[in-house]
Amino acid sequence: MDTYRFRVPKPNYLPHKRLDASEKDDIVEEYNIPLGKASELENAKFAAKCERYALEAGVTRPKGYNVSFHCNPDMEKHHFGQTHPMKPWRLTLSKSLIYSYGMSFAMDNYISRAATYEELASFHATDYLDFLGTVLPEPVPFDVENPNPDLKFNLGGSDCPLFEGLYDYCSMSAGGALDAARKLCTKQSDIAIAWGGGLHHAKKSEASGFCYINDIVIAILQLLRCYPRVLYIDIDVHHGDGVEEAFFSTDRVMTVSFHKYDPQNFFPGTGALDDNGPQSEHNPGSHHAINVPLNDGITDEQYDWLFNSVIGKCIEKFRPSAIALQCGADSLAGDRLGRFNLQVQGHGACVDFCKRVGIPLILFGGGGYTPRNVARAWTYETSIAIDHQDKLKHMIPTHTPWRDHFRHETLFPTLEQILGEPRPNRNTQKKLQDIVQHVTEQLRFVQAAPSVPLQVIPPDLGGIRDDVEQRIKEETEEKRDELRRARESAIGQAMEY
């Protein structure tokens, strides 16, 4: 298909054809109907209401630090399939709620470009990227009629379907995360938010768990250019196996994953308490993978205590120079796939803890398969980032688009409103104490300043410089073309052939 025309990759060049507006509408026509499309006038009215709400609510830029918000609206229009749990329009719902609260006026807002082929190849294998960029969409997953299909790179099954615009979607997800990481590297931001990222299951040469490109790994690789050590924290209900695997043998990244662990019945089945990196003590990554396996029904109070205990000890010993926090919202109560009793407040408390550490912080999205829950959580966590959570009105603003999708008018519904009856809590206090004790023991073997000396490391700005130069070149070529067209237009005279 024309959508997937593939060309030999060149520096800073996307190996696929960009879609024009009409083609994008064709791809997502069925998907866009439930949401509706606002006119320019309606958008202007909405922006005015958001600005007025921000003034009335006292939403201002945080003092002493900058927050940046990174998104690409074109990413929101893609569609995994009618029955697939992953709904990219949750990004639309989240962004509209964040904007409705007036929070955009407290942040630097960026429309991120899609990541280039070379940027994706900083982690992923080129043969995998080539296939991802050329494979045709399949309306029906291969495993619908054949339970055991031979899937190349694990693409085309029910978990990772081949939908229209797949490569575009992946590139935009990685582009937002990479843009956020670069803002931290250049000190333009102290907290960078990329809710469109957080796809933590993707491997170097394999799609997995709804994830095709591991934007987190690509972003952390960027952070490592400027920061000696990065602490990666994952509060998705699923184990962050892709990120852990990517940094398995390095002591510059410590991965900590809080997740449901039931290897026989729950994806991905990895992340046991004693899975702490390479077994060999000679491998630098040994003891640098911390896993916190949990059972169904954990509560806000338990999660908060456990998170503070584990992360506090990790920060004390590892002494990271930056934190990457994956805020998967499928760990919330009422998620289509998750089974915890966490509420928005408990989930957001993790963001608040990391923010109070006072070092550069990047917030990723991740899982989350009940869109209204996702929107609530990421809105509240955005308010924490801009230091507005204490003034946040609990009633969802009346001018919020698609307000009826939230069912309840409050930003903080109770467990009874969400579930009717909370799930049985299968996490005993002894289990949680055993986890903390095990983590403490593992951290005894972690050197305080691994691999990179504690000194100023000059940032590698080559990638940023190349981007700027390429953009200037493109703008120059566009102006040259416009000038040429202006000179060539209307040059004919009357009676000439």
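Predicted model: local features only at pLDDT ≥ 70, side-chain atom pairs only at ≥ 80, totals over all residues.

Colleague: Which residues of helix α6 are buried?

Modeller: In α6, which spans residues 126-134, Tyr-128, Leu-129, Leu-132 and Gly-133 are buried.

Colleague: What puts these residues on the same side of α6?

Modeller: The arc that they cover around the axis is only 130°, and therefore they lie on the same side of α6. These buried residues pack against α5 (117-120) and α7 (166-185).

Colleague: Which residues meet where α6 and α7 come together?

Modeller: From α6, Leu-129, Leu-132 and Gly-133 take part, and they meet Leu-166, Tyr-167 and Cys-170 of α7.

Colleague: Which residues does the UniProt annotation "binding site" cover?

Modeller: According to the unreviewed UniProt entry, the annotation covers Asp-159, Gly-209 and Tyr-369. They are spread over 211 residues of sequence, yet they cluster in space, with a largest C-alpha distance of 13.3 Å.

Colleague: Why does Asp-159 count as partly exposed?

Modeller: Its relative accessibility is 37%. The class runs between 20% and 50%, so Asp-159 counts as partly exposed. Asp-159 lies in the loop between α6 and α7. Leaving aside neighbours within four places in sequence, Asp-159 is in contact with His-84, Gly-209 and Phe-210.

Colleague: Is Tyr-369 buried or exposed, and how do you know?

Modeller: The relative accessible area of Tyr-369 is 8%. Buried means under 20%, and Tyr-369 is therefore buried. Tyr-369 lies in the loop between β8 (361-364) and α12 (371-385). Beyond its neighbours within four places in sequence, Tyr-369 has contacts that include Phe-210, His-238, Asp-330 and Arg-336.

Colleague: How many salt bridges does the structure hold, and what makes the pair of Glu-119 and Arg-113 one of them?

Modeller: The structure holds 13 salt bridges. The side chains of Glu-119 and Arg-113 meet at 2.7 Å, N to O, and the cut-off is 4 Å. The pair therefore qualifies as a salt bridge.

Colleague: Which residue does Glu-119 join in helix α7?

Modeller: Glu-119 also forms a salt bridge with Arg-182, with the closest N and O atoms 3.1 Å apart. This pair links distant parts of the chain, since Glu-119 is in helix α5 and Arg-182 in helix α7, 63 residues apart. At 11% relative accessibility, Arg-182 counts as buried.

Colleague: Why is Arg-444 called exposed?

Modeller: Arg-444 has a relative accessible area of 55%, and exposed means over 50%, so Arg-444 is exposed. The side chain of Arg-444 meets that of Glu-441 in a salt bridge of 2.6 Å, N to O. Glu-441, at 38%, is partly exposed.

Key. Residues numbered from 1 in each chain as written. Heavy atoms only, no water. Buried < 20%, exposed > 50% of the residue type's maximum accessible area, 1.4 Å probe, protein only. Helix = DSSP H or I, 4+ residues; strand = E, 2+ residues; numbered from the N terminus. Arc of directions from axis to C-beta. Contact = heavy atoms within 4.5 Å. UniProt positions renumbered as here; feature names shortened; annotations may be inferred.
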